[in-house]
Amino acid sequence: MTSTTESSSATELVAGFPFPFSDDRYRYSTNVEPAQRAVTTPAGQWGASVVDIDSEYRAELSQRAAVLAADPTRHAVLPHMVHAAWDAMVTVMRELDAAYPDQMQLRSTGTDTWLWRNGILGIEQDFRYGDPTSLPEEPLRYITSQIQEDIALLDQRNGQLFVDAGVVTFAADWSFGFDVGMSFLEIHGPVPRVRAEGVITRAHEFLKRLQPHQPYRRTNWTLTIDRRLDVSTEIYHEWGPDREHIQTVSDAEFGRRVHLRVEVQHLVRLPDSGAVMFLIRTYMLPLEQLATVEAWRERTAQVLAELPDDMADYKGIIKFRGRAAQWLRDNVPRART
Ligand code: HEM
């Protein structure tokens, strides 16, 4: 029996879900668009702000804290990125203040001094910009303990971008600890097709020209078994076997456990440091809820069935994407729970 709270939260998650497919066929592209524009979907809308808080807020923050406590390599700030981390923190605070003015406020209290208030978590914090003794934690870690987004910061030097700082606890099958210090082009080395098609080199050129106060966004997607945010390479042994096991479960269990996982990624040029801030916000919807929206059910079934094998393999879904497509075809919409 689903409780009222659970079902209203499920309804909210469907209403705010950033459905990623604009066509029945999915291919990689440099799919960037200006941010802060609401997208209306058959179920609701998403995308009005750069940061997004939903009913999973507290649950996801406690998962992030647990991941960081268990594995410190999910957080890194290379020495030359300390300034960018402060810039990122204050930029995110401004975005929170703009999106949730009743609960979140950033107020100037003097030259370089600020008062930050997060009314949801009951936080009031005075701090001095750039002074680490004025905050309980390193600034990137401090602000990622108050948002659902992961953050990576990219330094731009010698015509290239390098992932030199971040707090990334919800990576979809990659390792922040392994990638930190690598260039944007190196990081995308394993992605099939994109080199030949120029997707990543175009994205790189685009990012190098990104201007402050003109944030952009893109989406990416995969399938994840269970509502598991942390599917980092480091703990593959914990979640990898589920991809085998899921093939043997009943149809009802399959629809409950297989989730369409969508990342809304924001790209922001930080105004003081000049670093690029990459925000990754992860949304997940089980197939059984996705199927309650007819347009989403049909389109996702088409995309999954048509996706070329090399892309399905790279996404780690090759063994069960066929069943997921069939499951969606077989499950006509029912009333939303
Ligand atoms: C316009 C900007 C960008 C584009 C077009 C882009 C494109 C892509 C694509 C197509 C993939 C493969 C995804 C999949 O099959 O599921 C990917 C993976 C990835 N991207 Fe990006 N990306 C962008 C920005 C970034 C930035 C700023 C970072 C910084 C951390 C990043 C980090 C990654 C990582 C870590 C992976 C996984 C690579 C792996 O499997 O080891 N991307 N990206």
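These legends walk through several close-up views of a predicted model. Residues are numbered from 1 along each chain as its sequence is written, and side-chain values use heavy atoms, with hydrogens and water left out. Because the model is predicted, local features need pLDDT of at least 70 and side-chain atom pairs count only at pLDDT 80 or more, while totals for chains, interfaces and linings use all residues.

**View 1. The seven-stranded sheet.** Here 7 strands make an open, antiparallel sheet in the order E1-E10-E11-E12-E8-E9-E4. Strand E1 (33-34) and strand E4 (75-77) are at the edges with a single partner strand each, so one side of each has no neighbour in the sheet. For reference, helices (H or I, at least four residues) and strands (E, at least two) are DSSP runs numbered from the N terminus, and two strands pair if DSSP finds at least two bridges between them. Strands of a sheet pair through backbone hydrogen bonds, either parallel or antiparallel. Helix H8 (residues 199-208) lies across E8, strand E9 (160-167), strand E10 (216-225), strand E11 (258-269) and E12, and runs at about 80 degrees to E9. Angles like this one go from 0 to 180 degrees between N-to-C directions, with axes fitted as lines to C-alpha atoms, for helices over the stretch in contact; contact means heavy atoms within 4.5 Å.

**View 2. Strand E12 and its two partners.** On one side, E12 (residues 276-286) pairs with strand E8 (residues 150-157) in the antiparallel sense over 5 bridges, and Leu279 in E12 is the bridge partner of Ile151. E12 also pairs with E11, again antiparallel, over 11 bridges; here Met284 in E12 is the bridge partner of Arg261. The hairpin of E11 and E12 has 6 residues between the strands, and Gly274 takes a positive phi near 80 degrees in it. E12 is mostly covered, with 10 of its 11 residues buried, where buried means under 20% relative accessible area, exposed over 50% and partly exposed in between (1.4 Å probe, protein chains only).

View 3. The iron atom of the ligand has a single protein donor, NE2 of His188, 2.0 Å away. Donors are N, O and S atoms within 2.8 Å of the metal (3.2 Å for Na, K and Ca), and water is not among the atoms, so sites may look incomplete. His188 sits in the loop between helix H6 (184-187) and helix H7 (194-197). Of the 20 residues around the ligand, Tyr28, Trp174, His188, Tyr314 and Lys315 come nearest; a residue is near a molecule or strand if one of its heavy atoms lies within 4 Å of it. A polar side-chain atom of Lys315 is 2.8 Å from an oxygen atom of the ligand, and one of Asn220 is 3.4 Å from an oxygen atom of the ligand.

**View 4. Arg217, a buried arginine in strand E10.** Look for Arg217 in strand E10, where this residue is buried with a relative accessible area of 2%. Its side chain reaches the backbone oxygen of Gly47 at 2.8 Å, and the backbone oxygen of Arg37 lies 2.7 Å from a polar atom of the Arg217 side chain. Beyond its neighbours within four places in sequence, Arg217 has contacts that include Glu33, Trp46, Gln265 and His266.

View 5. Strand E6 (residues 113-118) and E7 pair over 6 bridges, and Asp126 in E7 is the bridge partner of Leu115.

**View 6. Asp97 and Arg107.** Asp97 belongs to helix H3 (residues 82-99) and is buried, with a relative accessible area of 16%. Its side chain makes a polar contact with the side chain of Arg107 at 3.0 Å. A polar contact is a pair of N or O atoms within 3.5 Å; within protein, one must be able to donate a hydrogen and the other to accept it, and residues adjacent in sequence count only if both atoms are side-chain atoms.
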